[in-house]
Amino acid sequence: IAYDRVTGARLWRTDKKPADAGNAAGLRISMAPDGSLVATGQALRGFLDWYTVAFEATGTVRWEAVRDGGLNTDEIPAAVLVLPDGTSVVTGKGGPNLPGGFIPGVTAGYSPSGALLWEAFSRLATVWAAALPNGDVVATGGYDAYLAAFSPSRQEEAAYADTYCFSNTHFDSYSYSNSYTYGNRYTHSDSHGYGNAEPVLSQTYADAEICTDTKGPSNAGAET
């Protein structure tokens, strides 16, 4: 629904849902550089799936896209933004599942015409995304503090190279980057005793020198 910014009078209303959906609900909206709008939300198709719609400034539908990761549970987008080149980026939890049944985060880019350009996957469900000055996209979420950086121009790398950022509110805040084979899972336990009961995969982080303690000197060094 669009409203006049001065009087609040309704200018137009457009109702939309996939043809095979019982209903749909919009959750997030973003304005594109050309003045059009992109809304994302959920559509009930047995389970909830991603549903993204682009509208002209007049309310006419430009394109629509459904994403169903084949996950037998609800998949719900959490954020949408439009890049300067017109690419619409949606992020949130979605399938396919990780080993053990964990639900990952998905970040997807759509062209100005609605074609799926790329998808990138995160080990933890994402809740927000932002664009970097160089055109890359960063998504955040997780259970502590999590960041995943993706490069739309390097799609394969984007799907397999993540930046993790774990924060302990009382002690250290540090980050490290690594490349890995999709399907591996990493666990993290902080000083409060939270964490996954499964053992941490043994890895040596080549970028460990970037680890820093925000309240003290550098904690640089390889970690396993």
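**Reading the model**

Modeller: The chain exposes about 11700 Å², and carbon and sulfur atoms supply 53% of that area; accessible areas here come from the Shrake-Rupley method with a 1.4 Å probe, and for residues only the protein chains shown count as cover. Please keep in mind that this is a predicted model, in which local features need pLDDT of at least 70 and side-chain atom pairs count only at pLDDT 80 or more, while totals for chains, interfaces and linings use all residues. Residues are numbered from 1 along each chain as its sequence is written, and side-chain values use heavy atoms, with hydrogens and water left out.

Biologist: How many helices and strands does the secondary structure of the chain come to?
Modeller: Helices (H or I, at least four residues) and strands (E, at least two) are DSSP runs, numbered from the N terminus. In this chain they come to one helix and 15 strands.

Biologist: What share of the residues of the chain count as buried?
Modeller: The word buried means under 20% relative accessible area, exposed means over 50%, and partly exposed lies in between, with a 1.4 Å probe and protein chains only. Of the 224 residues of the chain, 42% count as buried.

Biologist: Does S30 count as buried or exposed?
Modeller: S30 is found in strand β3, and it counts as buried because its relative accessibility is 15%. Contact means heavy atoms within 4.5 Å, and, leaving aside residues up to four places away in sequence, S30 touches S36, L37, V38, V80, L81 and V82.

Biologist: What is in the lining of the largest pocket?
Modeller: Rolling a probe the size of a water molecule over the atoms shows where empty space is left. A pocket is, on a 1 Å grid over the protein atoms alone, an open set of points where a 1.4 Å probe fits, with protein on both sides within 12 Å along at least five of seven lines, and lining residues have an atom within 4 Å of a point. Here the largest pocket is lined by 24 residues, of which I1, T14, I29, A39 and F55 lie nearest its centre. The elements giving two or more residues to this lining are β3 (24-31), β4 (37-45) and β5 (47-55), and the largest share, seven residues, comes from β3.

Biologist: How do β5 and β6 pair?
Modeller: Two strands pair if DSSP finds at least two bridges between them. β5 and strand β6 (residues 61-67) pair in the antiparallel sense over six bridges, and the bridge partner of T52 in β6 is A65. The hairpin of these strands has five residues between them, and G59 there takes a positive phi near 100 degrees. T60 is found in the loop between β5 and β6, and T60 is partly exposed because its relative accessible area is 47%. Not counting residues up to four places away in sequence, T60 touches A54 and F55.

Biologist: Where is the place of N97?
Modeller: N97 sits in the loop between β8 (88-93) and β9 (105-110), and it is partly exposed, with a relative accessible area of 39%. Although N97 and G69 are 28 residues apart in sequence, their C-alpha atoms are 8.4 Å apart in space. P96 is also found in the loop between β8 and β9, and a cis peptide bond, with omega about 5 degrees, joins G95 and P96.
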